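Dear colleague,

Please find below the structure that I am handing over to you. My notes on it follow directly after.

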Amino acid sequence: MTEVQIFPEKLLLAETTKELATKLSKINEVEEILVHGPTLPKKVPYGPAKGKDNPHSERGKLQVRGEEVELNVQVGRVFVRVDESKSSLEDILEKLVDVCEETISCGFDIGQGRFEKKESSSEGNMGCEC
Amino acid sequence: MGYEPNFYPGTTKVSESRKHYMDPEEDLEKIREISDDEVTRLLHHREPGEAFGSVHPPLEEMDEPDCPIRELVEPTEGAKAGDRIAYVQFTDSVYFAPTAPYIRAWMYMNRFRGLDTGTLSGRQIIEGRLRDVEEMSKKLLTTEVFDPARTGIRGATVHGHAVRLDENGMMFDALQRYKFNEETGEVEYVKNQVGEPMDEPVNFGKPLSEEELIERSPIFREDGISFSDDEEVVKMVQRIHKLRTLAGYKPHEIEGE
């Protein structure tokens, strides 16, 4: 299992994320896309306005392979799991870079590595809502 | 010759900027107009036109005990009127915001009266009498210490000061209190400081350019002016560190320092 991280210099706007996710999902070797970034809560979490609705234009819906997925973060990293049995990692990276260059308006880093946890750990049971 | 405070050591632009903010004799440059009512709406403590809430009668009507300190210190307008305590809080991005939380603390203490301020990593609160807080807020919102893209008025949910800017160059705000208008290039506040939508947006104009921000910012950064570039600042910080390490709260007891 090979993972690739796309790390833009700036947080992506919802429009960019939608476009990026749609284009990435069209690459054959892409098996999974995970977007990561600070949360955009649906309700105001603290203060005198706690519990009130929190309209936010950067929240939205992603279209991935015909399915609609909720976008509740402002994306700062994208992890992509790719299947190396279909083509070489260099070819896959080239495709990913092309998509990123077309979509992301700022600079970005891209690299292969291990980003997801291999096994569950006690941290996963702590109920952290961050 | 009288004593002239230096306010901050160093000769770099960052040091000069810190001195400028801390020196009460130097005026802060006014760069935008915001009305009193707009400030009131942003702070959310009262409606525009509504009376100031109070916690005691005006001082003139109170029978205060004899006290030399009361005679010595002129009360602020808010204290005279018996206003309740209110707050305003600002978040400053680490990406060359025009000011930074700890600089704000020094600046407030030198420039304003009748306030209590608290510094946290990414935000700075002012507590004071309501009308004093409104007056201070207006100065802080209309002058060079506020940039609509890199500074935020955030009473709660302040997270964002150390997060990357977005593609429009705006500091992250989970409550999206302000929006970048792509057509005009200006920033509008659409929610008050606690995240409640406002009936009318408040226009803060265009954000400063990166070059202007680097010119004004009192933040040492490796990609701007590095802390280690300012010999006098490094010397002062090392001296404080040394005295504190060797002598705790009694640096005067160290001989030869």
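B:Ser15 counts as buried in this predicted model, because its relative accessibility is 0%, where under 20% is the limit for that class. The residue belongs to helix α1 of chain B, which covers residues 13-22. The side chain of B:Asp230 forms a polar contact of 2.9 Å with that of B:Ser15, and the backbone oxygen of B:Pro9 is 3.1 Å from a polar atom of the B:Ser15 side chain. Beyond the neighbours within four places in sequence, the contacts of B:Ser15 include B:Tyr8, B:Gly10, B:Phe220 and B:Val233.

The helix around this residue is mostly covered, with eight of the 10 residues of α1(B) buried. Besides B:Ser15, the buried set includes the charged side chains B:Arg18 and B:Lys19, as well as B:Val14, B:Ser17, B:His20, B:Tyr21 and B:Met22. These buried residues pack against three helices of chain B, namely α5 (101-111), α7 (210-216) and α8 (231-247).

Two residues of chain B call for a remark on backbone geometry. Most residues other than glycine have a negative phi. B:Phe96 sits in the loop that runs between β1 (85-92) and α5 of chain B, and is buried at a relative accessible area of 4%. B:Thr157 likewise is not a glycine and has a positive phi, of about 50°. Its place is the loop between β4 (151-153) and β5 of chain B, and with a relative accessible area of 13% B:Thr157 is also buried.

As to the interface, 28 residues of chain A touch 23 residues of chain B, counted as contacts. The two chains bury about 1,900 Å² between them, and carbon and sulfur atoms give 55% of that area. On the chain A side, the residues that lose the most area to chain B are A:Lys10, A:Leu11 and A:Leu13, which together make up 26% of what that side buries.

Finally, the second largest pocket has a volume of about 320 Å³. It is lined by 20 residues, of which A:Leu13, A:Ser57, A:Glu58, B:Asp166 and B:Gln176 are the closest to its centre. Two or more lining residues come from each of α1 (14-25) of chain A and β5 (178-181) of chain B. By class, the lining comprises eight charged, seven nonpolar and five polar residues.

With kind regards

Technical notes
Residues numbered from 1 in each chain as written. Chains lettered and ligands numbered in written order. Predicted model: local features only at pLDDT ≥ 70, side-chain atom pairs only at ≥ 80, totals over all residues. Heavy atoms only, no water. Helix = DSSP H or I, 4+ residues; strand = E, 2+ residues; numbered from the N terminus. Buried < 20%, exposed > 50% of the residue type's maximum accessible area, 1.4 Å probe, protein only. Polar contact = N/O pair within 3.5 Å; in protein donor to acceptor, adjacent residues only side chain to side chain. Contact = heavy atoms within 4.5 Å. 1 Å grid on protein atoms, 1.4 Å probe; cavity = no way out; pocket = protein on both sides within 12 Å on 5 of 7 lines; lining within 4 Å. Points joined across faces, edges and corners; volume = space filled by probe spheres on them. Buried area = accessible area lost by both parts, 1.4 Å probe.
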